[in-house]
Amino acid sequence: MKIDQIFSPYELNKRVTLRNRLVLAPLNMQSSLFDGSVSLNDLKFHKARAKYVGLDVIGSAYISDSANTAYGAISVADDSKIDGLKKLATVIHQGGSKAILQLVHAGRMTNEYVLKGAPVLAPSEVRAAHGEVDLPKAMTKTDIETVIHQFEAATVRAIQAGFDGVELHGANTFLFQQFMSPLSNLRTDEYGGSLENRIRFCAQTTKRVLDTARAHKPGFIVGYRISPEEFEPGALKLGDDLVLMQVLGKLGIDYLSLSLRQYDQTSITCDALSDLRIADIVKQAVGDLPVIVSGHLGTQFAFERASGDMFAVGTKFLKQPNWPGQMRNPGIQPESTVTGTVIPYTTLNL
Ligand SMILES: Cc1cc2nc3c(=O)[nH]c(=O)nc-3n(C[C@H](O)[C@H](O)[C@H](O)COP(=O)(O)O)c2cc1C
């Protein structure tokens with residue numbers, strides 16, 4: 001896409017005007033307080049970056065004690081977190097960006113230390129092949145209903161904290177993806193087996209979050225982040241995920257965010273389409289649903305080659321908040337990225 005178009009205002013679903021098509025990719029900075037409360041460093045991180053993007057997505061806010069992915073992540077698991085989240089939404093709004101809270105359940109990609117003793121839950125009792133993970137307990141139907149309710153409750157808290165939307169973290173091998181993948185979902189009930197059954201948890205939760213959002217704050221944005229395929233033999237294929245994406249589009253989500261390693265990556269699980277970029281295949285499949293593309297974006301060259309409706313940037317923003325200014329005008333000085341200094345509340349003008 002042309003650089004000027006990326007830096008021009010964008011109408012998301014003809015409803016919300018964003019200052020540009022840039023997205024601060026969800027980044028779990030593990031900089032929150034021990035109990036998951038928002039820290040001054042969280043505020044400082046987003047204050048420095050929100051002024052450059054249309055959407056600022058807070059990465060991996062965990063929805064319950066069993067849902068955390070890593071030490072130091074942000075929590076939206078109970079009402080005591082709302083005040084800190086309010087400060088975060090305020091900082092982002094002061095920067096001129098919309099504020100999106102990414103909601104996560106780790107599923108089996110965690111351990112009892114990170115969860116401080118809460119049980120590790122997953123579709124089936126299958127340990128993940130990598131990471132510091134514990135053997136999970138297979139979720140009962142009551143557990144499934146409880147987790148769906150926790151996503152609803154987290155959505156209400158995000159609304160109470162003043163966020164503009166939530167993003168369901170269906171990517172990077174966390175719980176939603178574990179239900180989709182035949183390697184992690186060995187269930188024999190209506191949540192496992194056929195594609196229709198593996199989609200059920202993702203679709204039910206999304207519908208309940210959408211209904212909750214509509215009931216509490218019409219116009220509240222609901223997005224979904226997805227990893228389009230897995231690489232191990234017998235794992236989740238692009239074809240299966242495309243069906244899920246179409247279902248999510250029909251349910252009425254506001255955007256789909258593709259978690260890619262490389263913005264122009266092609267598929268390795270779908271031979272018939274292996275010449276095409278995943279971003280283009282997805283766009284064909286979901287029609288008008290806005291698609292966010294990510295993966296090694298941040299140079300003029302990459303943006304001009306990339307396709308998608310919005311563009312999420314992670315590493316570049318981590319290293320240098322003002323990379324957009326520098327890309328457009330190489331004479332501009334970099335901003336300090338010193339992380340040791342903490343800004344006092346008073347200078348945040350909350
Ligand atoms: C430190 C770090 C933390 C991340 N945390 C999350 C996260 O919480 N949620 C998520 O969906 N992706 C997360 N990602 C992935 C990024 O959102 C992004 O997709 C990835 O970094 C590729 O984009 P990039 O090449 O611009 O960095 C994280 C990446 C990094 C480097």
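**View 1. Gly162 and the end of helix H4.** Just after H4, Gly162 adopts a positive phi of about 90°. H4 spans residues 141-160, and its 20 residues reach 29 Å from the first C-alpha to the last. This is close to the 28 Å expected at 1.5 Å a residue, the expected span being 1.5 Å times one less than the number of residues. Helices (H or I, at least four residues) and strands (E, at least two) are DSSP runs numbered from the N terminus. The model is predicted: local features need pLDDT of at least 70 and side-chain atom pairs count only at pLDDT 80 or more, while totals for chains, interfaces and linings use all residues. Residues are numbered from 1 along each chain as its sequence is written, and side-chain values use heavy atoms, with hydrogens and water left out.

**View 2. The annotated domain, residues 6-327.** An unreviewed UniProt entry lists these residues as "domain: NADH:flavin oxidoreductase/NADH oxidase N-terminal"; such annotations may be inferred rather than shown by experiment. Over residues 6-327 the chain is 35% helix and 17% strand, and the end C-alpha atoms lie 13 Å apart.

**View 3. Packing of helices H2 and H3.** The axes of H2 (residues 40-50) and H3 (residues 82-94) come within 8 Å and cross at roughly 20°. Axes are lines fitted to C-alpha atoms, for helices over the stretch in contact, and angles run from 0 to 180 degrees between N-to-C directions. H2 and H3 are therefore roughly parallel to each other (under 35 degrees; over 145 is roughly antiparallel, 65 to 115 roughly perpendicular and the rest oblique). Their crossing is right-handed, the near helix being turned clockwise from the far one by less than a right angle. Asp42, Leu43, His46, Lys47 and Ala50 of H2 meet Lys87, Leu88, Val91 and Ile92 of H3, contact meaning heavy atoms within 4.5 Å. These residues comprise five nonpolar, one polar and three charged (Ala, Val, Leu, Ile, Met, Phe, Trp, Tyr, Cys and Pro are nonpolar, Asp, Glu, Lys and Arg charged, and the others, Gly among them, polar).

**View 4. Packing of helices H6 and H7.** H6 (residues 195-216) and H7 (residues 238-251) pack at about 25°, with axes 10 Å apart; the two are therefore roughly parallel. Residues in the contact include Leu195, Ile199 and Cys202 of H6 and Val243, Val247 and Leu251 of H7. By class, the contact has 10 nonpolar, one polar and four charged residues.

**View 5. Packing of helices H7 and H8.** The axes of H7 and H8 (residues 278-286) come within 9 Å and cross at roughly 40°, which makes H7 oblique to H8. Leu238, Leu242, Met245 and Gln246 of H7 touch Ile278, Ile281, Val282, Ala285 and Val286 of H8. This contact has eight nonpolar residues, one polar and no charged.
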